[in-house]
Amino acid sequence: QVQLVESGGGLVQPGGSLRLSCASSGITFNNYAMSWYRQAPGLERELVARIASVGGSTMYAESVRGRFTISRDNAKNTVFLQMNSLKPEDTAFYYCNARHSNFPEIYNYWGQGTQVTVSS
């Protein structure tokens with residue numbers, strides 16, 4: 001059974017920092033690209049950051065580039081999202097995603113999410 005369990009969300013003041021974690025089980029973690037998505041009320045889910053399964057290359061949404069950092073610890077089957085200089089517009093539910101393509105199969109899994117609220 002595949003599980004992705006996010007933690008680290010909460011309430012933080014503008015300009016503050018949070019570190020999200022996503023612990024995985026039931027998958028061969030090294031084979032999966034890992035991503036963080038977020039969804040604010042009334043908006044579509046959007047990709048925040050992604051880290052490749054091999055090589056560790058990363059990509060970020062323009063809105064978070066320079067403030068957020070995604071990383072992974074393959075020994076602990078965990079992906080992180082360090083969020084600095086948080087803004088009220090970063091308020092959303094944050095979801096962890098694991099994706100692996102082995103043509104023609106695509107394996108795509110989601111965590112349950114964690115709430116991040118940026119407010120004074």
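Colleague: What percentage of the residues of the protein count as buried?

Modeller: Of the 120 residues, 41% count as buried, where buried means under 20% relative accessible area, exposed over 50%, and partly exposed in between (1.4 Å probe, protein chains only). Please note that this is a predicted model, in which local features need pLDDT of at least 70 and side-chain atom pairs count only at pLDDT 80 or more, while totals for chains, interfaces and linings use all residues. Residues are numbered from 1 along each chain as its sequence is written, and side-chain values use heavy atoms, with hydrogens and water left out.

Colleague: How many helices and strands are there in the protein?

Modeller: There are 0 helices and 11 strands. Both are DSSP runs numbered from the N terminus, helices (H or I) having at least four residues and strands (E) at least two.

Colleague: What radius of gyration does the protein have?

Modeller: The radius of gyration is 14 Å, which agrees with the value near 14 Å for a compact globule of 120 residues. The radius is taken over C-alpha atoms, and the globule rule is 2.2 Å times the number of residues to the power 0.38. Along the principal axes, the C-alpha atoms fill a box of roughly 45 × 25 × 25 Å.

Colleague: Let us turn to disulfides. Which residues does a disulfide join?

Modeller: Cys 22 and Cys 96 are joined, with an S to S distance of 2.1 Å; the rule asks for a pair of cysteine sulfur atoms within 2.5 Å. The count by this rule is 1 disulfide. Cys 22 belongs to strand E3 (residues 18-25) and Cys 96 to strand E9 (residues 92-102), so the bond ties together parts that are 74 residues apart in sequence.

Colleague: Is that disulfide left-handed or right-handed?

Modeller: The disulfide is left-handed, because the torsion about the S-S bond of Cys 22 and Cys 96 is about -80 degrees.

Colleague: And is Cys 22 buried or exposed?

Modeller: Cys 22 is buried, at 0% relative accessible area. Cys 96 is buried as well, also with a value of 0%.

Colleague: What else lies in strand E3?

Modeller: Ser 24 has its place there, and this serine is buried with a relative accessible area of 10%. Apart from neighbours within four places in sequence, Ser 24 is in contact with Gln 3, Leu 4, Phe 29 and Asn 77; contact means heavy atoms within 4.5 Å.

Colleague: Now the core. Which residues touch the most other members of the largest nonpolar core?

Modeller: Among its 29 residues, these are Met 34, Trp 36, Val 79, Leu 81, Met 83 and Tyr 94. A nonpolar core is a set of buried Ala, Val, Leu, Ile, Met, Phe, Trp, Tyr and Cys residues joined through side-chain atoms within 4.5 Å. Strands E3, E4, E5 (46-51), E7 (68-73), E8, E9 and E11 (114-118) each give two or more residues to this core. E9 provides the largest share, 4 residues.

Colleague: Why is E4 described as largely enclosed by the rest of the structure?

Modeller: The reason is that 6 of the 7 residues of E4 are buried.

Colleague: How many bridges join E4 to E9?

Modeller: There are 7 bridges, and the two strands run antiparallel; strands pair if DSSP finds at least two bridges between them. Gln 39, for instance, has Phe 93 in E9 as its bridge partner. E4 also pairs with E5, in the antiparallel sense, over 5 bridges, and here Ser 35 stands opposite Arg 50. E4 and E5 form a hairpin with 6 residues between them, and Gly 42 in the turn has a positive phi of about 80 degrees.

Colleague: Last topic: how many salt bridges does the count come to?

Modeller: The count comes to 4 salt bridges, each being a side-chain nitrogen of Lys or Arg within 4 Å of a carboxyl oxygen of Asp or Glu. One of them joins Arg 38 to Glu 46 at 2.7 Å, N to O. Arg 38 is buried at 6% relative accessibility, whereas Glu 46 is partly exposed at 34%.

Colleague: With which Asp does Arg 38 form a salt bridge?

Modeller: The partner is Asp 90, with the closest N and O atoms 2.9 Å apart. This pair links distant parts of the chain, 52 residues apart: Arg 38 is in strand E4 (residues 33-39) and Asp 90 in the loop between strand E8 (78-83) and E9. A network of salt bridges links Arg 38, Glu 46, Arg 67 and Asp 90.
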